[in-house]
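Dear colleague,

I am handing over the structure below, together with a short account of what was found in it. Please look through the sequence and the model before reading on.

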Amino acid sequence: MADEADPRFAPVSFKDKFVIVPDRWKVDFMVSMGELSLFFKELKENAKLMGTRCPKCESVYFWPRSWCHDCYEDCEWVEVSQRGSVTMFSRVDISLTDLQKEVPFYQGGVHLDGVRYPIVAILRNVTMDTLYRGMRVRAEFLPADQRTGRVRDFYFVPDT
Ligand SMILES: [Zn+2]
């Protein structure tokens, strides 16, 4: 019996002289992380946050970059701080990603100490009433047997 929400079973439609066929793709694929592979390896195996540093201007990037966008120099790996400050935040009531399925959840900009730019990350153990710009946070990691080497392996909590 056909799933009525499945577009592959919906009737075609017509636009001008064309027939529009509703369809669905489900694609499993693999991607090499190339030069940035160490970030994912250290995250999964050692619960470390690895960034990169430009040897010329000493900018530290997290998320890591393989080259500095100012100097065009190849960057070198450095472990970055797991502590930082919240730069902005929001409550999310509709999840559009597999990164975080349970709603509501909180996400925000986290500017790790010593790093050039903030990242967007999941915030836990917070509410809209307790969050504020400048709140100190620290990274927490899923237990080793639950980490998959993806960015959802870590999140930030108040650093109290
Ligand atoms: Zn640089």
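Two residues are said to be in contact if their C-beta atoms, placed from the backbone, lie within 7 Å. Please keep in mind that this is a predicted model. Leaving aside residues up to four places away in sequence, V137 touches G84, V86, V110, L123, F156, V157, P158 and D159.

V137 also belongs to the largest nonpolar core, which has 21 residues, and it is listed there with F62, V80, V110, L123 and F156 as touching the most other members. At least two residues of this core come from each of β4, β7 (105–112), β8 (119–123), β9 (136–141) and β10 (154–158), and β7 gives the most, with three residues.

Strand β7 also takes part in two pairings. With β6 (residues 83–92) it pairs in the antiparallel sense over eight bridges, and within that pairing S90 stands opposite Q107 in β7. Five bridges join β7 to β8, again antiparallel, with G109 opposite V120 in β8. The hairpin of β7 and β8 has six residues between the strands, and in it G114 takes a positive phi near 85°.

Elsewhere there is an open sheet of three strands, in the order β4-β3-β5 and with antiparallel pairing. Because β4 (60–61) and β5 (76–79) stand at the edges with a single partner strand each, one side of each is left without a neighbour in the sheet. Strand β3 (residues 50–53) pairs with β5 over four bridges, and M50 stands opposite E79 in β5.

With kind regards

Conventions:
Residues are numbered from 1 along each chain as its sequence is written. This is a predicted model: local features need pLDDT of at least 70, side-chain atom pairs count only at pLDDT 80 or more; totals for chains, interfaces and linings use all residues. Two strands pair if DSSP finds at least two bridges between them. A nonpolar core is a set of buried Ala, Val, Leu, Ile, Met, Phe, Trp, Tyr and Cys residues joined through C-beta atoms within 7 Å. A residue is buried if 20 or more other C-beta atoms lie within 10 Å of its own, exposed if 12 or fewer, and partly exposed in between; C-beta atoms are placed from the backbone.
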